[in-house]
Amino acid sequence: MKPGKIFVLSAPSGTGKTTIARRLVQEIPGLALSVSLTTRKPRPGEKNGQDYFFVSRRHFQKLIQEKALVEWACVFGNYYGTLRSFVEENLRAGRPVLLNIDTRGGLQIKKRFPGARLIGLLPPSLREQERRLRQRGDLAEEEIRKRLEEARRERKTLLQFYQVRFVNRDLQSTVEKIKKFILRHA
Ligand code: ADP
Ligand code: 5GP
């Protein structure tokens, strides 16, 4: 059986990557969406094992030492990482794997799996990104400010290292374009 391919989806916070990742999984049979581990606290409505695996810093450090994470990064003061076992099992089974992670994680994945495809998503404008972050309604003002500052760095990395980029204007047409890209390269 041909091994599966990895697709990384990264975007400045508030662009719409979580919304898009969920739609892609509904629309592409067999696409495996990785659930990351994080040390941040769950936001209202988030479920353990569905949105993230919420773990302590101590547990996260242990997983790093055991090399159980295929990539990890500290984002906005919290740790986030991807389980190696999830990625490897799905690739072995020939399934494409989708990772919704930041650009630092994306670059680590590209180093380990040179065949991985890095997909960058950008908001139509900074103002629209800010509007979407606020509309989500789950972040304090200080968190919104941090994410808008970080957006500049994420954007630069996307433009420099990511293989393809899509501007998320109309949600359905962005989903269609990314879906086509994944089906072409899976
Ligand atoms: P991210 O995971 O990149 O931080 P989310 O997927 O949580 O972003 O989306 C942020 C907000 O923007 C959500 O309220 C979502 O419904 C909205 N959104 C996503 N894509 C679009 C779009 N193309 N047009 C308008 N709003 C969008
Ligand atoms: P949030 O806390 O808003 O869900 O996510 C914050 C940031 O962490 C986003 O940019 C998201 O892509 C990133 N992120 C989520 N999971 C992972 C992961 O497993 N690894 C890395 N490197 N980043 C992640």
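**Ground rules.** I am working from a predicted model, where local features need pLDDT of at least 70, side-chain atom pairs count only at pLDDT 80 or more, and totals for chains, interfaces and linings use all residues. Residues are numbered from 1 along each chain as its sequence is written, chains are lettered from A and ligands numbered from 1 in the order written, and side-chain values use heavy atoms, leaving out hydrogens and water.

**Ligand 1.** I looked up the shell and found 15 residues, with G14, T18, T19, R136 and R169 the closest; a residue counts as near if one of its heavy atoms lies within 4 Å. By class I noted two nonpolar, eight polar and five charged residues; Gly counts as polar, and Tyr as nonpolar. Helices α1 (17-27) and α5 (126-136) each supply at least two of the shell residues; helices are DSSP runs of H or I with at least four residues, strands are E runs of at least two, and both are numbered from the N terminus.

Next I checked polar contacts to the ligand, meaning pairs of N or O atoms within 3.5 Å. The T18 side chain has an N or O atom 2.5 Å from a ligand 1 oxygen, and the R136 side chain has one 2.7 Å from a ligand 1 oxygen. R132 places a polar side-chain atom 3.2 Å from a ligand 1 nitrogen. Alone, ligand 1 exposes 570 Å², and the protein buries 81% of that (Shrake-Rupley method, 1.4 Å probe).

**The sheet.** I traced four strands in an open, mixed sheet, ordered β4-β3-β6-β5; two strands pair if DSSP finds at least two bridges between them. β4 (53-54) and β5 (69-75) are at the edges with a single partner strand each, so one side of each has no neighbour in the sheet. Inside, β3 (37-38) and β6 (78-83) run antiparallel, joined by two bridges, and I found L37 opposite G81 in β6.

**Ligand 2.** Which residues come nearest here? Of 16 around ligand 2, they are S36, R40, Y52, E71 and Y80. The shell divides into five nonpolar, five polar and six charged residues.

G81 turns up again: one of its backbone N or O atoms lies 3.1 Å from a ligand 2 oxygen.

Methods: A polar contact is a pair of N or O atoms within 3.5 Å; within protein, one must be able to donate a hydrogen and the other to accept it, and residues adjacent in sequence count only if both atoms are side-chain atoms.
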